[in-house]
Amino acid sequence: MAESPRRSKVASPEQAAALVKSGSVVALGGWTFYNTPMAVLRAVIRGGTRGLHLVSSPGAIGPDVLIAAGCVDRIATPFITMEQFGFAPAFRAAVQDGTLHVSEIDGPGLAASLRAAADDLPFGLIHDLGTDLPSVNPEWYRPFDHPFNEGQRLFAVPAATPDVALVHAQRGDEYGNLQFLGATFFDQLIARAARTVIATVDDLVGDEELRRNPKLTKIPGFMVDVVVPVARAAHPCGSQGLYGPDLAHLAEYARLATTERGRAEYLDRHVHGRVEAEVR
């Protein structure tokens with residue numbers, strides 16, 4: 001029997017964003033100013049998506065600009081920050097005016113939640129190390145008695161099964177095999193946990209090129225549904241091993257996004273008015 005040809009998974013930012021439906025649970029990868037799939041996030045905003053429940057790695061402009069555009073109703077994340085440029089302004093404003101519901105979690109809680117979803121379990125377990133997060137987020141952290149070590153306390157956290165995961169890798173092939181030239185952060189867990197995985201890549205290469213250095217392939221193609229190749233797809237964030245964050249752009253965002261008028265100005269200039277690089 002002849003082998004079935006493999007299907008190309010390459011799509012434009014707009015085609016990928018169309019898979020992010022209003023009301024979806026969306027997991028966002030990267031870490032603060034690095035490896036954020038900004039090309040698709042801008043397309044999601046342009047598509048008018050609303051009511052997202054965001055499960056985010058520690059982020060910066062990525063989740064914040066989605067909030068600024070009114071795309072997010074709920075968020076679960078360890079933190080969002082603009083690092084040296086101060087607070088994440090849209091996140092802060094939305095929390096203060098009550099338009100954003102926040103579930104405060106920590107890194108172990110996020111990892112256990114994603115791991116449970118990846119393993120098709122209803123909840124994950126973490127050690128009780130004295131955190132006070134259960135007092136502010138009792139829906140997420142439930143006391144759990146160790147069944148084999150009486151007296152040792154654990155917390156059960158619910159499985160987070162994203163409808164869609166959005167991640168960024170430095171390069172990949174048309175079949176979805178993703179290579180990382182630096183850290184993967186939570187991205188491997190996010191890809192395992194989600195029902196649909198969308199990945200931006202800076203460079204689309206042949207699979208024979210990936211096979212020359214297979215140890216860099218951290219997310220295999222069978223886990224990935226859509227590949228979006230765009231030059232500097234993470235900009236203004238950095239892409240580890242290829243380019244650093246655009247600090248001037250990030251400083252501009254942090255300044256503008258402190259007001260509603262400034263957020264609208266930023267979106268008009270850098271999201272709605274910007275033409276994405278063509279898929280190569």
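Modeller: What follows is a close look at one helix packing, then at a sheet. The model is predicted: local features need pLDDT of at least 70 and side-chain atom pairs 80 or more, while totals for chains, interfaces and linings use all residues. Residues count from 1 along each chain as its sequence is written, and side-chain values use heavy atoms, without hydrogens or water.

Confidence comes first. The protein chain has a mean pLDDT (the predictor's confidence in each residue, 0 to 100) of 94. Of its residues, 96% reach 70 or more. Residues 274–280 stay under 50. The model still has 23 contacts (heavy atoms within 4.5 Å) for them beyond four places in sequence.

Now the packing. Helix 3 spans residues 61–68 and helix 9 spans residues 247–256; helices (H or I, at least four residues) and strands (E, at least two) are DSSP runs numbered from the N terminus. Their axes lie 12 Å apart, at an angle of about 35°. Axes are lines fitted to C-alpha atoms, for helices over the stretch in contact, with angles from 0 to 180 degrees between N-to-C directions. The crossing is left-handed: the near helix is turned anticlockwise from the far one by less than a right angle. Helix 3 brings I61, D64, V65 and A68. Helix 9 brings H249, L250 and Y253. Five of these residues are nonpolar, one is polar and one is charged. Ala, Val, Leu, Ile, Met, Phe, Trp, Tyr, Cys and Pro count as nonpolar, Asp, Glu, Lys and Arg as charged, the others, Gly among them, as polar.

Helix 9 also holds A248.

Three strands form an open, antiparallel sheet in the order 5-7-6. Strand 5 (123–127) and strand 6 (142–145) are its edges, each pairing on one side only; two strands pair if DSSP finds at least two bridges between them. Neighbouring strands are turned by 40° against each other on average, direction ignored. Four bridges join strand 6 to strand 7 (residues 153–158). R142 stands opposite A156 there. Helix 5 (residues 107–118) lies across strand 5 and strand 7, at about 150° to strand 5.
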